[in-house]
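Dear colleague,

I am handing over the structure we spoke about, and below it you will find what was found in it. Please read the notes with the structure open beside them.

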Amino acid sequence: LKRAQAVCEDAAVDVRLIRADMLTHVEPESYDVVLNVFTSFGYFDDPRDNARVLRNAHESLAPGGQLLIDVMGKEVLAGWIGRPQIVELDGAYVVQRDTVLDSWTRLRTDWTLVRDGIARDASITSFLYSAAELRGLFEDAGFAEVECFGGFDGEPYDHHSKRLIVRGTKPGGDRGSS
Ligand SMILES: C[S@@+](CC[C@H](N)C(=O)[O-])C[C@H]1O[C@@H](n2cnc3c(N)ncnc32)[C@H](O)[C@@H]1O
């Protein structure tokens with residue numbers, strides 16, 4: 001957040017940065033857009049908590065406001081999963097392994113960073129969503145006009161897609177979606 005603050009000041013952009021838990025953070029009817037990018041959704045072990053995050057976003061949007069969530073879709077992941085990936089990073093190596101859990105419900109990603117002959121491990125488990133599943137969660141949370149895209153330029157979500165972006169609108173505004 002300190003780095004983000006510095007970047008915003010350099011760019012003379014006036015922003016309010018806050019640190020909060022998306023499970024509990026709500027600012028009723030305060031925003032036109034809630035944007036959740038680069039797989040920042042699905043980390044709670046209880047699926048009801050992930051659904052709660054969507055309801056919090058719904059509550060924080062003004063009528064007509066839109067929620068966008070950008071994740072690695074289950075369909076996309078299925079195309080390349082199973083091959084360990086090795087990335088060179090500033091003289092170190094990162095090995096990434098993905099493991100599908102609970103009949104394609106969740107994904108565990110394990111990383112090993114090897115630098116100067118020393119290995120360190122990290123791991124994250126998150127829910128995996130197909131387009132239909134995430135669209136259904138949006139609708140359950142009260143969103144209308146829910147659509148899936150394969151990119152931020154509005155590409156279709158299809159066999160070329162690298163990301164899954166779902167957009168929903170909070171009913172009640174006169175802006176419509178565009
Ligand atoms: C894969 S990273 C994406 C980071 C960033 N959005 C980006 O585009 O680089 C996932 C992010 O989800 C955030 N996150 C996970 N659980 C959270 C929670 N309960 N409340 C708020 N943020 C959370 C983490 O802090 C992390 O920054």
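**The ligand and its surroundings**

In this predicted model, a polar side-chain atom of Asp 21 lies 2.8 Å from a nitrogen atom of the ligand, which is a polar contact (a pair of N or O atoms within 3.5 Å; within protein, one must be able to donate a hydrogen and the other to accept it, and residues adjacent in sequence count only if both atoms are side-chain atoms). A polar backbone atom of Met 22 is 2.9 Å from a nitrogen atom of the ligand, and an N or O atom in the side chain of Ser 40 is 3.2 Å from a ligand nitrogen. On its own the ligand has 590 Å² of accessible area (Shrake-Rupley method, 1.4 Å probe), and the protein covers 48% of it.

**The two domains**

The chain is divided into domain 1 (2–73 + 129–169) and domain 2 (77–127), with bounds from an automatic or database domain assignment. Nine residues of domain 1 are in contact with seven residues of domain 2, contact meaning heavy atoms within 4.5 Å. Across this interface the rule finds one salt bridge (a side-chain nitrogen of Lys or Arg within 4 Å of a carboxyl oxygen of Asp or Glu). The side chains of Arg 106 and Asp 45 meet in a salt bridge at 3.3 Å, N to O.

**How to read the values**

Residues are numbered from 1 along each chain as its sequence is written, and side-chain values use heavy atoms, leaving out hydrogens and water. Local features need pLDDT of at least 70 and side-chain atom pairs count only at pLDDT 80 or more, whereas totals for chains, interfaces and linings use all residues.
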